[in-house]
Amino acid sequence: IVSLFVLCALVPILATAALSYDHVRKLLLDQSYLHLAQLGESYASALYERLSGVSHLLRQVGPAPDVRLDAWPGQRNEGLRAQVDALAIVGTDGSTTTLLGTPHPFAALSEAERKYVAKGESVLRTRVVPGAPATVVMAQAIDPGQPAAGIAVAEINPGYLWGEADALPAVTNFVVVGSTGE
């Protein structure tokens, strides 16, 4: 009788504990997924704002090839150097006028990219060098109505674009993968 009493008392307690554990585990997983989704959304928003800032900067680059960044006001020049590693104007003939840093060669725009740039939009490209991090490059028409004015090309500073690694929660990393899996 005592063993039957203990069995009748322990079975409901063990069943309740198992169900509670499973329910709490599911709630914690759901909460973790929600937090991860919010973190991803926040990071995407920050990336979008940084890219918008570089796009705005490219809109300010004038068509005059003799305009040097040294003539820009101090704060504006420092802000520019924090955002981009290199800045240049690329003519329709492929000639490059360097405004800041040492830009890498910029391949001609594809037909689809030319149409997009003609609308006043920006084009993003990545330049991959084996053994080195990919470089993100933004190009934008200096004057969308006049393709002969050329395009402004900026190599975006990776530290500015991706942010500081310690700004993310502990043990959190982001990986950006292209359509080819690289």
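I take a contact to mean heavy atoms within 4.5 Å. On that basis I looked up the contacts in the chain with a separation of 6 or more, and residues 24 or more positions apart account for 51% of them.

**Entry 1. Basis of the work**

I note that this is a predicted model, in which local features need pLDDT of at least 70, side-chain atom pairs count only at pLDDT 80 or more, and totals for chains, interfaces and linings use all residues. I number residues from 1 along each chain as its sequence is written, and side-chain values use heavy atoms, with hydrogens and water left out.

**Entry 2. The chain as a whole**

I listed the secondary structure as DSSP runs numbered from the N terminus, helices being H or I with at least four residues and strands being E with at least two. The chain holds four helices and five strands. Read from the N terminus, their order is α-α-β-β-α-β-β-β-α.

I then turned to accessible area, which comes from the Shrake-Rupley method with a 1.4 Å probe; for residues, only the protein chains shown count as cover. I call a residue buried under 20% relative accessible area, exposed over 50%, and partly exposed in between (1.4 Å probe, protein chains only). Of the 182 residues in the chain, 27% are buried.

**Entry 3. The nonpolar patch**

Which residues form a nonpolar patch on the surface? I found I1, V2, F5, V6, L10, I13 and L14, with about 800 Å² of accessible area together. Patches are made of residues with over 30% relative accessible area and no salt bridge; like charges are joined within 9 Å, and nonpolar side chains (Val, Leu, Ile, Met, Phe, Trp, Tyr) within 5 Å. I checked I13 on its own: I13 sits in helix α1, which spans residues 2-59. With a relative accessible area of 54%, I13 is exposed.

**Entry 4. Salt bridges**

I searched the whole structure for salt bridges (a side-chain nitrogen of Lys or Arg within 4 Å of a carboxyl oxygen of Asp or Glu). The search returned four.

I recorded relative accessible areas of 40% for R25, 31% for D22 and 46% for K26. R25 is therefore partly exposed, as are D22 and K26.

I next examined helix α3 (residues 111-118), where R114 and E111 lie three residues apart, about one turn of the helix. Salt bridges that share partners join D22, R25 and K26 into one network. In the bridge between R114 and E111, the closest N and O atoms are 2.8 Å apart. R114 is partly exposed at 40% relative accessibility, and E111 is partly exposed at 46%.

I count two strands as paired if DSSP finds at least two bridges between them. Strand β1 (residues 84-90) pairs with strand β2 (residues 96-100) in the antiparallel sense over four bridges. L87 stands opposite L100 of β2. The two strands form a hairpin with five residues between them, and G94 in the turn has a positive phi of about 95 degrees.

**Entry 5. Strand β4 and its partners**

Which strands pair with β4? Strand β3 (residues 122-127) runs antiparallel to β4, joined by six bridges, and strand β5 (residues 151-156) pairs with β4 over five bridges, also in the antiparallel sense. R127 stands opposite T135 of β4, and V153 in β5 is the bridge partner of A139.

I then asked how many of the seven residues of β4 are buried. The count is seven of seven, and β4 is mostly covered. In a regular strand the side chains alternate between the two faces of the sheet. In β4, T135, V137, A139 and A141 point one way, while V136, M138 and Q140 point the other way.

Is T135 buried or exposed? T135 belongs to β4, which covers residues 135-141, and T135 is buried because its relative accessible area is 17%. Setting aside neighbours within four places in sequence, I found T135 in contact with R125, T126, R127 and E155.
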